Each structure stands twice: as structure tokens, then as C-alpha cells.
Amino acid sequence: MCSEQQLTGLGLVSSISSRLPDGVNISKEARSAISRAASVFVLYATSCANNFAMKGKRKTLNAGDVLSAMEEMEFQRFIAPLKESLEVYRREQKGKKEARKDKDKKADSEEQDKSREDDNDDDDERMEEEEQNDEEEVDN
């Protein structure tokens, strides 16, 4: 089970505190109870999602499994906000992937340009050497 410190590290308690009216505080005991309840909820949701993955003969839980678990757990009102969050996440990931792809293309292009420059430098050096050799032959 997750400890209160782990969930606090995830921002659970501060998230809850920020949504309370001004002047309302949460006791240490209440924080602990909220953390435990959140931990139990996460474990239960994971277990339900795992059941859907197993029915699909998969070992990896996916977002659809989690959404199905929420429905099975009778948390239908959370499904729409979760789907919206999932779409935002997917768009962000797609944007990051495209940015990486663009960055890689740019790096490859720069590398090819550098390689061409090096090849041109090598060609220039060879031509200079040949000209020097030709001049030496003419002198001899």
C-alpha cells in the first residue's frame, strides 16, 4: 500500500487543501485517512482494470481497462472527465513525439550537411595535392 508520504509527494494532500475554502485546515489524522482511502481506491481500481485485461488475455492494463473498471465500480460520473484527460494526454504525447521526430530530422539533416562539407574539404585537399604533384612533375 502507498504510504501517506508517497501520496503527499504526489500532491494529493496539497491538491485537497487547495480546493478547500480559506481557513479550513486538515488534521494530520484526516490526511492519513484520506491517503489510506486513496490508496485503497487505487488498488481496487487497478484490480478491476486487471480483470478486464485478463479477460482480454493481456498482461498490460490500458486506459480502456481503467475506464471499464470505473464503470464497473459505479463511478460513471468520472468516466467523461477521465476520457477528456486521456485525450489531452494523448494530444500532448503526440505533440512531443512529433517534436522529437522534427528534432531528429533536423539533426540528421545537419549531420548530412556536415558530412557533405567534410567530403568537399577532402576533395579540395586532394585537388590541391594533385596540383602540387603536377607542378613538381613539371619542375622535374
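**Note on a predicted all-helical model**

1. R90 and E87 form a salt bridge whose closest N and O atoms are 3.7 Å apart; the criterion is a side-chain nitrogen of Lys or Arg within 4 Å of a carboxyl oxygen of Asp or Glu. The two residues are 3 apart in helix α5, so about one helical turn separates them. R90, at 44% relative accessibility, counts as partly exposed, and E87 is also partly exposed, at 38%. The classes are set by relative accessible area: buried is under 20%, exposed is over 50%, and partly exposed lies in between (1.4 Å probe, protein chains only).

2. This is a predicted model, in which local features need pLDDT of at least 70 and side-chain atom pairs count only at pLDDT 80 or more, while totals for chains, interfaces and linings use all residues. Residues are numbered from 1 along each chain as its sequence is written, and side-chain values use heavy atoms, with hydrogens and water left out.

3. The protein chain contains 5 helices and 0 strands, in the order α-α-α-α-α from the N terminus. These elements are DSSP runs numbered from the N terminus: helices are H or I with at least four residues, strands E with at least two. Of the 140 residues in the chain, 14% are buried.

4. Helix α3 covers residues 28–55, and its 28 residues reach 41 Å from the first C-alpha to the last, close to the expected 40 Å. That expectation is 1.5 Å times one less than the number of residues. The buried residues of α3 are S32, S35, A38, S39, A45, C48, A49, F52 and A53.

5. The loop between α3 and α4 contains K57, which has a positive phi near 55 degrees and is not a glycine. K57 is exposed, with a relative accessibility of 79%. A second case of positive phi is E74, at about 65 degrees, again in a residue that is not a glycine. E74 lies in the loop between α4 and α5, just after α4, and is exposed at 65% relative accessible area.

6. G64 belongs to helix α4 and is partly exposed, at 35%. The C-alpha atoms of G64 and K83 are 9.4 Å apart, although the residues are 19 apart in sequence.

7. Within α4 (residues 63–72), the buried positions are D65, L67, A69 and M70. D65 has a relative accessible area of 4% and forms a salt bridge with R58, the closest N and O atoms being 2.8 Å apart. The whole structure holds 2 salt bridges. V66 is also found in α4 and is partly exposed, at 38%. V66 and N50, 16 residues apart in sequence, have C-alpha atoms 8.4 Å apart.

8. The largest pocket holds about 470 Å³ of space. Among its 14 lining residues, F41, V42, V66, M70 and L82 are the closest to its centre. On a 1 Å grid over the protein atoms alone, a pocket is an open set of points where a 1.4 Å probe fits, with protein on both sides within 12 Å along at least five of seven lines, and lining residues have an atom within 4 Å of a point. Grid points are joined across faces, edges and corners, and the volume is the space filled by probe spheres set on the points.

9. Helices α3, α4 and α5 (79–139) each supply at least two residues of this lining, and α3 gives the largest share, 6 residues. By class, the lining has 13 nonpolar residues, 1 polar and no charged. Here Ala, Val, Leu, Ile, Met, Phe, Trp, Tyr, Cys and Pro count as nonpolar, Asp, Glu, Lys and Arg as charged, and the others, Gly among them, as polar.
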